[in-house]
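Subject: Structure handover

Hello,

Please find the structure below. My notes on the strands and helices follow it.

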Amino acid sequence: MLMSDRSRRTLLLSAAAVLSLLLAPWAARPNPAPGAAPARQAADAPAEVYNLRSYTHPNFTRLVVDIGVLREYVAKESRESGLITLDILQARLNPIVPTALVPAGGDYIGAVRIAQKTPSTVRLSVAVNFARIKRTQVFHVLDPFRIVIDIYPLEAGRAASATTGPPAGPPPKAPQPAESGYTLARQLGLDVRTIVIDPGHGGADPGCLDAQGHLEKDLALDLALRLKAQLTVHKDIEVILTRETDIHVPLETRTVLANQKKADLFISIHVNAFADSRRRGIETFYLNFSPDPRVNELAARENATTSKTIGQMEAIIKKIVEASRVLESRELAQKIQANLVQYLSRSYADVRDLGTRGGPFWVLIGSDMPAVLVEVSHFSNPGEAARLLDPAYRQKAAQGIAAGILAYRKSLGKG
Ligand SMILES: [Zn+2]
């Protein structure tokens, strides 16, 4: 490989800087000014690459890598190998991310792959036809931190030529898996093999707090990890978490990721809170309207990270209910609720069963698989908060939820 054919660029990121790089001058750029101290600090924290997206615009193709926190990255191009590579340092690839995708972009861009290159480096590689490319732009955007690669073909409009949509239309969403027959396959009783567990909240969104300032997001992650450990005892079950560390993942993204992984079940884990500290108990939700103002109050709080209102959601939920994955989700919710209450009751007195019901939870919208949201107990109730802070209680809760999932699987005639 000729050295002249490689250009290399190391970025030290400062929170204020949004850097745009043109492909050709990469090698010529000077090293960044030694003033990027905040990035060095952030580099010590764990970072998760949790999504990879592509958009086809009329005049270019955009790739977006979503990462929880600020990271250094190194972009290179090799005309000989026909690859643009992006190394993200001090990062880990969440297994939920699709490892390859092919943007609908015409003949100047091929497969995009992402992998854990070393224990601490995630590498994105993009196959491109350099002869057909005018320029490439690599930059990052904050809140949440993501790295963007824009690839411009020589001929404007080329990018859109492979798509059938209107050239000036909005960019398509992240590529969806072929969905035809998927729900049907589930109805035919295919096994439950891939389960996505969604620890509620994360990053700047703490969820609810108890009186001492403990955070729901931390408990939800702990419960999710315990649940994963329970389920992965079964060799034929694969478990994927929507987040494995304390990062922000948008609600809308969570089920999209589960769909991309063709997951069989989606389980969102939360801890409840109400203004009335006497209220306590365990409840499990599936997506539906609710006439109960308390359910809508809870949903509004759990939905707080999106701007979508309950009112806006009603029309969407109506469509989903009509398409009906509701029955399966309700079935799953009932199995989880019953087992969770039963397991906790074996070791704890007076466990309150609040039952299952529908609720307008944004995180459950858009899933192709049965999806439920478990409110394990109330953080706002002093007695239940004390129990939640005890690892033994969380372990029993995880065992109960796992037993519910396995009972649901068995009800399909499998497991
Ligand atoms: Zn929550």
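How are α7 and α9 oriented to each other? With axes that cross at roughly 140 degrees, α7 and α9 are oblique to each other (angles under 35 degrees count as roughly parallel, over 145 as roughly antiparallel, 65 to 115 as roughly perpendicular and the rest as oblique).

This is a predicted model, in which local features need pLDDT of at least 70 and side-chain atom pairs count only at pLDDT 80 or more, while totals for chains, interfaces and linings use all residues. Residues are numbered from 1 along each chain as its sequence is written.

Helices (H or I, at least four residues) and strands (E, at least two) are DSSP runs numbered from the N terminus. Axes are lines fitted to C-alpha atoms, for helices over the stretch in contact, and angles run from 0 to 180 degrees between N-to-C directions.

The sheet: 6 strands, in the order β14-β13-β15-β18-β16-β17, form an open sheet with mixed pairing (two strands pair if DSSP finds at least two bridges between them). β14 (238–241) and β17 (353–359) each have a single partner strand, so one side of each lacks a neighbour in the sheet. From one strand to the next, the twist averages 20 degrees. β13 (residues 194–199) runs parallel to β14, joined by 4 bridges, and Ile197 is opposite Leu241 in β14.

The helices: α5 (residues 293–302) packs on the sheet and touches β15 (265–272) and β17, contact being C-beta atoms, placed from the backbone, within 7 Å. The axes of α7 (residues 326–347) and α9 (residues 391–411) come within 7 Å.

Regards

Notes: Two residues are in contact if their C-beta atoms, placed from the backbone, lie within 7 Å.
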